[in-house]
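Have a look at the structure first, and then we can go through its cores and contacts.

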Amino acid sequence: MKKKIWMSLGLAALAVFSLSACSTKNSDEAKKAFISDTVALNNSKDYNAQKVKVDVNEFKIHGGGDNSEFNKIFNKGAGLDFNIGLDKTNQLAVLDGKLTVAKKDYDLGFMMSQKGLYISSSDIKSLYDNNKDLIPSSAEDTATIYGAMIDSLNKSYLLIDSQTLDSNVQSSKDNWESTLKQLFESNSKMSEADLEKQYKEIPNSDFTKSGNKVTVEFSGKDIDLNDLINNLSATYSIPKEQTERLIKESKNIDISKLSVKLTVDKKSHEMTGKLTGSISNTKEKTNADLDISLVSTRGKLKETLKEPAATDTNTLEEVQNAAIEKLMAQASAS
C-alpha cells in the first residue's frame, strides 16, 4: 500500500514537472515567447541530444505509517545526471549517466533498439555488488542464482530482447515496438496549440521575459490534474491504458500547495526548473514535501549511434544457461 501511495504522489509530481516543460495562452508577449521557444527547443531536428540533471533537495512522505525507508531513498543529495541521445535515422536511443539514491551513486548505461534493451554489463555488476548485502538470508537460493548469472556476464552488454520485454506487458498495444516509436514521436510532435491548451488557465501575468530568458511561475491551484494528464497524454502519445491508470492513481491527489518555476533560455538551449511545496493524498491522508530542481540542455549528437555488435553482447538466454551449468557443476562437485 505504501508503495502505491508513494507512486501516485510521485506520478503527480512528474506530471506537474512535465507540464512546466511546456507552457501557454496567447495574448501576452512573454507567454507567446515561452510557447514558441519551448516548441522550437523540443522539435528541432538539430537537437537530438539532451543533458538532464535533476536534484532532489527534499522528498519526504508523511502519514500512512512508517515511511522511513522511502524517505532514505530520496533524501537530500538524490537525483539524476544523465545524457540522452536519439538517432532517429537508425532508430537508436541511448541513456548514459548516474543515478543517486540512498546516498549511493549508480552508473547507468543502456541503449534501446528494435532488437530490445542493451544494458551495460559493468553497471549491472556494480549495482549487484553494492546491494547484495541487502538480500535477506531467507532468499539465499535466489541470491545464489542471481550471483551465478552476474558471474556469467562476460561481454560488454546484456541484451534483453523485444520478445522477452513484450512477454512482461499486459497489453498487446503497449509493446516494445510501440514504446520505441512513441519515444521518437514525442521528441518532435509538440505544437504551440498543444501548449496553449495545457496552459490556458495560467494567467499571462505569471510569465516574464528578460533578454533571451522567459520564465513562468504558477501554483498547483491553477491546474486541474485530470485535464493536465489528458493533455500530456495527447502531446506525448501516452497509450490510453497508461493514461487511465495515471488518472485513477491521481484521483485523490491534491497539488494545490505545489509551486512551479520554469525558465527557457532560447540562446543557450537550456531549460531550468524548480518544484517546491507539497502533494497530498486526501484519501490515504498522506503528503509529500518536495523541493526538486531541474536543468535540461539540448544539443547535437557528436557522432552517429551504433548498435552493439553480437560479439560484444550476452543474451539473457545465454546468461541463464551459463548460470545453470555453473550451479550444476558446483552441485556435482560437492
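A nonpolar core here is a set of buried Ala, Val, Leu, Ile, Met, Phe, Trp, Tyr and Cys residues joined through side-chain atoms within 4.5 Å. Buried means under 20% relative accessible area, exposed over 50%, and partly exposed in between (1.4 Å probe, protein chains only). The model is predicted: local features need pLDDT of at least 70, side-chain atom pairs count only at pLDDT 80 or more, and totals for chains, interfaces and linings use all residues. Residues are numbered from 1 along each chain as its sequence is written, and side-chain values use heavy atoms, with hydrogens and water left out.

**Nonpolar cores**
- The largest core has 37 residues, and Phe34, Phe207, Val216, Phe218, Ile255 and Leu290 touch the most other members.
- Its largest share, 5 residues, comes from strand S1 (strands are DSSP runs of E, at least two residues, and helices of H or I, at least four, numbered from the N terminus).
- Another core, of 19 residues, lies apart from it and includes Trp176 and Val319.

**Salt bridges**
- There are 5 salt bridges, each a side-chain nitrogen of Lys or Arg within 4 Å of a carboxyl oxygen of Asp or Glu.
- Lys51 and Asp81 form one of them, at 3.2 Å, N to O.
- Lys51 lies in strand S1 and Asp81 in strand S2, so this pair ties together parts 30 residues apart in sequence.
- Lys51 is partly exposed at 40% relative accessibility, and Asp81 is partly exposed at 23%.
- Lys274 and Asp291 also pair, at 3.0 Å, N to O.
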